[in-house]
Amino acid sequence: MTWGVLPIGLKLVLEGMDSGTITWYRFLMAAMVTAAFLAKSGNLPKARQLTRASAGLFVIAAAGLSGNYICYLMGLDRMTVSSAQIVIQLGPLFLLLGSLIVFREPFSRVQGLGVAVLVVGMAMFFNQRLEELFGDLGDYAVGALLVSAAAAVWSFYALAQKQLLKSFSSGQILLVLYTTALLTFTPMARPATIADLNGLQLGMLLFCGVNAIVAYWCFTESLAHWE
């Protein structure tokens with residue numbers, strides 16, 4: 001639900017703030033709330049938990065999550081909300097394919113049918129805009145490529161996170177990822193532009209920050225219980 005309504009808020013904030021700064025603010029809010037929650041519960045990540053293997057997984061997960069945030073936002077800036085939400089459905093598909101390779105999970109005929117329905121459905125959705133997608137590389141096509149890239153790197157993040165859950169809790173993983181991404185986007189952020197936002201846009205920026213916390217805590221926790 002939170003991912004479903006997210007692009008509406010992002011689209012409004014994009015009218016008054018650039019993609020890099022929006023992403024920076026979202027990670028800032030998420031890191032602060034997550035750190036406060038873990039500190040209160042005495043569950044902050046500890047250096048002794050980190051191994052060489054988990055450090056590598058954190059790099060992959062942080063790069064995937066950061067890339068997903070910025071690519072999706074840049075793509076959304078060039079597309080309609082509905083189109084962006086259709087293209088981003090490639091993310092779970094890439095995750096499914098990755099799980100077959102990394103975790104050797106079974107792939108049933110019903111799942112195969114589901115993949116076929118997704119592909120056919122996307123083709124039907126975009127059938128009126130195929131020329132824009134495969135013709136000249138205009139804004140719409142670039143947006144579709146960026147959102148597709150966001151979906152692809154998101155799957156790397158999710159696969160790495162699944163492995164990290166063997167050694168870290170959901171909150172600990174997210175705090176490391178949020179903090180790493182926050183530092184990554186700091187050089188390109190322009191925090192002062194928050195003063196240019198009107199009341200609605202400011203409210204939507206706050207909503208997008210809360211959305212990042214709720215959506216990814218739910219998703220990370222679900223990975224701890226599901227294949």
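Analyst: A residue is called buried under 20% relative accessible area, exposed over 50%, and partly exposed in between (1.4 Å probe, protein chains only). The model is predicted, so local features need pLDDT of at least 70 and side-chain atom pairs count only at pLDDT 80 or more, while totals for chains, interfaces and linings use all residues. Residues are numbered from 1 along each chain as its sequence is written, and side-chain values use heavy atoms, with hydrogens and water left out.

User: Why does R104 count as exposed?

Analyst: R104 has 66% relative accessibility; the limit is over 50%, and therefore R104 counts as exposed. This residue lies in the loop between α5 and α6.

User: Why does V210 count as partly exposed?

Analyst: The relative accessibility of V210 is 43%, which falls between 20% and 50%, so V210 counts as partly exposed. V210 belongs to helix α10 (residues 199-223).

User: Which side chain of opposite charge is nearest to E105?

Analyst: That side chain is K162, 6.1 Å away. A salt bridge requires a side-chain nitrogen of Lys or Arg within 4 Å of a carboxyl oxygen of Asp or Glu; E105 has none, yet is buried. E105 is found in the loop between α5 (90-102) and α6 (109-125).

Key:
Helices (H or I, at least four residues) and strands (E, at least two) are DSSP runs, numbered from the N terminus. Lys and Arg count as positive and Asp and Glu as negative; His and the chain ends are not counted.
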